[in-house]
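Please read these points with the sequence and the model open beside you.

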Amino acid sequence: MLIRSPSDILPSEITPRAVYLNRREIMAGAAGLALGAGLPGAASAAPLQAAKSAFSTDEKVTSREDVTTYNNYYEYGVDKSSPAKTAHTLKTVPWTVKVDGLVGKPAEYALDDLIKGSALEERIYRMRCVEGWSMVIPWVGFPLADLIKKVEPQGSAKYVAFETAYRPKEMPGLQSAFPVLDWPYVEGLRLDEAMNPLAILAVGLYGETLPNQNGAPIRLVVPWKYGFKGIKSISRISFVEKEPPTSWNRQAADEYGFYANVNPQVDHPRWTQATERRIGEGGLFVKRRPTLMFNGYGDQVAQLYAGMDLKKFY
Ligand code: MTE
């Protein structure tokens, strides 16, 4: 993000498959005892039952290896390969999410209680990172709107604010004397954006519980926005009246806006947003793809921004 421009990212940063497979074997052995539950939050990958959603794209899905080893999760370092190596230190069982603010049912909810009553769906979404690369990811999750209805926001609530767990002992990136971001990582959506059926809370990937590097046990997925809106390992959801701060906007307001809608017409100050590199598509010299307005999800979301100047509200 701030640290590197897209052209600095080398293919060698992607963990070789052998290293990755070895890590999985080690993890499976070490965490074998926790496997049984089959619920989001289990300490190792467990299968999840999910019907494929009609919102899914039929584009070619990015390989599991790329999705789980080419990550941004700065609590685990700024290199793309770091989270896959170090995020296993996060203890995702048990997990609670504090719901507070302008809401009828505030509480510290156990993860299972937040999911209860929602059918898990597979949502194969195009995902576009602000750095200029994209992937197609088979998430497993449930509509964010389900959770919002469950906790009964008050009429005065206009925004939803999200916070990632703050656990320096389990997150090496938080121990640095020169923090990259003002921790904890925070993000937000307008309430009507959050209620849009495309917005989901993901608890899985590739038919299994989320790997830690992808934001276990629960993370936000908003496919019409740049990837940094997809806050990982959520521990708090607050309903508020005013636009909440967001981590990247705090860090560089002229580069990262609150809205962060994928928009090929509004360049990042340091690089174009008109095109993108699809991860896994034949190396550095393959032709870049044109980036689509709202990442191709305009039919579902364009009405949320009717009348807004999207150059101003970037
Ligand atoms: N959430 C937290 N807590 N910390 C982060 O550094 N990075 C964001 C987002 N969520 C980030 C985060 C960015 S920049 C991107 S592109 C996506 O996570 C990457 O998600 P993925 O690694 O699952 O593809």
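Predicted model: local features only at pLDDT ≥ 70, side-chain atom pairs only at ≥ 80, totals over all residues.

1. A polar contact is a pair of N or O atoms within 3.5 Å; within protein, one must be able to donate a hydrogen and the other to accept it, and residues adjacent in sequence count only if both atoms are side-chain atoms.

2. Residues are numbered from 1 along each chain as its sequence is written, and side-chain values use heavy atoms, with hydrogens and water left out.

3. In Asn214 a polar side-chain atom lies 3.0 Å from one, and for Arg219 the distance from a side-chain N or O atom is 3.0 Å. On its own the ligand has 540 Å² of accessible area (Shrake-Rupley method, 1.4 Å probe), and the protein covers 97% of that 540 Å².

4. Which residues come nearest to the ligand? They are Asn71, Tyr74, Glu75, Gly230 and Lys232, out of 16 around it (a heavy atom within 4 Å).

5. The protein chain has eight helices and 13 strands (DSSP runs: helices H or I, at least four residues; strands E, at least two). Of its 314 residues, 53% are buried (under 20% relative accessible area, 1.4 Å probe, protein chains only). The chain exposes about 13,700 Å², of which carbon and sulfur atoms supply 57%.

Key:
Buried < 20%, exposed > 50% of the residue type's maximum accessible area, 1.4 Å probe, protein only.
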